[in-house]
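The sequence and structure are shown first.

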Amino acid sequence: MTRIGFIRHGSTAWNKEKRAQGNSNIPLDEEGQLQARKLAERMSQEKWDVIYSSDLLRARRTAEIIGEKMQHLPIHFDERLREVSGGQIEGTTESERISKWGSSWRELDLGIEKVDSVIKRGRPLIEEIITEHHSKNILIVTHGGFIQCLLSDLVPKLNQEQSLKNTSLTKIFRSENEWECELFNCAIHLNE
């Protein structure tokens, strides 16, 4: 059985400031590195075969911390795992967006990547990865928006009402010809 564990990167200064990150290359903050170490400890108790990661700093460093703890699992960096591009809103807070474009800013074309575009770049990559690592346990370290877009396509019946927590783990597996979710948005390691 092929299993994928989607991991959202650790926290950044922009997460705390509620700034849209998108493809901006923001590093983990101190708390984000601690979160990644706690997750790495948790993941070291499980069997995983390979790690794929977004090449953006916050995901890259999260993946490296996990890989180091897990007997130096191979890590493959791929720009197709980057966050949903925020276009002109990257680096801004909600209040700054309202100040600049008005309260209806979401209705404007500000260059924000559409969900179908994320799926168009992400779905073929997932297929490549599962073909390369058939019947393996695959970790994918990436970004909240990207994960939610992919899950809406892979597991359409999944209820995704809550935002993904930093370093949360979501596990899906392929059963017959469809994907099923066995764990969603789990960050129990942060409570330890």
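At what angle do helix α2 and helix α3 pack?

## Basis of the model

The model is predicted: local features need pLDDT of at least 70, side-chain atom pairs count only at pLDDT 80 or more, and totals for chains, interfaces and linings use all residues. Residues are numbered from 1 along each chain as its sequence is written, and side-chain values use heavy atoms, with hydrogens and water left out.

## Helices α2 and α3

Helix α2 (residues 30-43) packs against helix α3 (residues 57-69) at an angle of about 35°, and their axes are 8 Å apart. Axes are lines fitted to C-alpha atoms, for helices over the stretch in contact, and angles run from 0 to 180 degrees between N-to-C directions. Helices (H or I, at least four residues) and strands (E, at least two) are DSSP runs, numbered from the N terminus.

On the α2 side, Q33, A36, R37, L39, A40, E41 and M43 meet R61, T62, I65, I66 and K69 of α3, where contact means heavy atoms within 4.5 Å. By class, this contact has six nonpolar, two polar and four charged residues. Ala, Val, Leu, Ile, Met, Phe, Trp, Tyr, Cys and Pro count as nonpolar, Asp, Glu, Lys and Arg as charged, and the others, Gly among them, as polar.

E31 is found in helix α2. E31 counts as partly exposed because its relative accessibility is 39%; buried means under 20% relative accessible area, exposed over 50%, and partly exposed in between (1.4 Å probe, protein chains only). Not counting residues up to four places away in sequence, E31 touches S11 and K16.

K69 lies in helix α3 and, at 36% relative accessibility, counts as partly exposed. Not counting residues up to four places away in sequence, K69 touches A40, E41 and S44.

## Helix α6

Buried residues in α6 are G144, F146, I147, C149, L150, L151 and L154. What covers them includes the strands β1 (3-8), β4 (137-142), β5 (169-175) and β6 (178-186), together with helix α5.
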